[in-house]
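Q: I would like a close look at one part of this model. Please keep it brisk and spell out the terms.

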Amino acid sequence: MATIDPIEFRNAAGQFMTGVTVVTTLDADGERAGLTANSFTSVSLNPPMVLVCVGHDTSTVEAFKAQNGFVVHVLADAQKDVSMQFAAKGIDRFEGLDVSEGYDGLPVVAGALATFECSTAHVYEGGDHLIFVGQVQRLSTGDADAPALGYFRGRYFTS
Ligand SMILES: Cc1cc2nc3c(=O)[nH]c(=O)nc-3n(C[C@H](O)[C@H](O)[C@H](O)COP(=O)(O)O)c2cc1C
């Protein structure tokens, strides 16, 4: 098997420009959890399915494994602080945010360009990440003119 340097791999993958999402869920005790993720992909149109990859060593992966479903929020440029909050360690990531209850009681954060409220359909091993495929049960589309938050070469940018 070829040895690929992880830094080189990260730099190569960083040449792929993405948007930024915040993905929220509920843990086995019904507590809110979430993280910033740019591994979001829409997968299937019929049925509507999306995926997100969550690292095995993250503080949130156990909550995702509880399979209560998840909500993907596509962030607007104005939500850079929300992205940083959901990537920070040792804080309440929901602090100060407008959060409502969505499908199955899942936490929905206000202000996103789009939200996908999902039931967990499949979970696959993906090396040091788990791949969660969700079936979209509800969705919303926000401001069609607002710029999106982007991520490229390890930095945020505006679409
Ligand atoms: C732009 C951006 C994208 C990220 N994408 C992912 C991702 O797709 N999957 C993931 O597991 N972590 C991702 N992270 C890292 C998490 O947001 C978080 O920082 C990480 O889970 C460590 O926090 P924790 O262990 O305290 O939960 C990303 C971080 C940033 C800033």
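Which residue forms a salt bridge with E62, and how far apart are the closest N and O atoms?

A: E62 forms a salt bridge with K65. The closest N and O atoms are 3.1 Å apart. A salt bridge here is a side-chain nitrogen of Lys or Arg within 4 Å of a carboxyl oxygen of Asp or Glu.

A word on the source. This is a predicted model, with residues numbered from 1 along each chain as its sequence is written. Local features need pLDDT of at least 70, side-chain atom pairs count only at pLDDT 80 or more, totals for chains, interfaces and linings use all residues, and side-chain values use heavy atoms, with hydrogens and water left out.

Back to the pair. E62 and K65 are 3 residues apart in helix α2 (residues 61–65), so about one helical turn separates them. Helices are DSSP runs of H or I with at least four residues, strands are runs of E with at least two, and both are numbered from the N terminus. E62 is exposed, at 53% relative accessible area. K65 is partly exposed, at 39%. The cut-offs are these: buried is under 20% relative accessible area, exposed is over 50%, and partly exposed lies in between (1.4 Å probe, protein chains only).

By the salt-bridge rule, the count comes to 2. R138 and E117 also meet in a salt bridge, at 3.5 Å from N to O. This pair links distant parts of the chain. R138 sits in strand β10 (residues 129–141) and E117 in strand β9 (residues 114–126), 21 residues apart. R138 is partly exposed at 42% relative accessibility. E117, at 7%, is buried.

Now the ligand. There are 17 residues around the ligand, and T36, S39, C53, G55 and S59 come nearest. A residue counts as near if one of its heavy atoms lies within 4 Å. A polar backbone atom of T36 is 2.8 Å from an oxygen atom of the ligand. For G55, a backbone N or O atom lies 2.8 Å from a ligand oxygen. In S59, a side-chain N or O atom is 2.6 Å from an oxygen atom of the ligand. Taken alone, the ligand exposes 620 Å², and the protein buries 81% of that. Such areas come from the Shrake-Rupley method with a 1.4 Å probe; for residues, only the protein chains shown count as cover.

Key. Polar contact = N/O pair within 3.5 Å; in protein donor to acceptor, adjacent residues only side chain to side chain.
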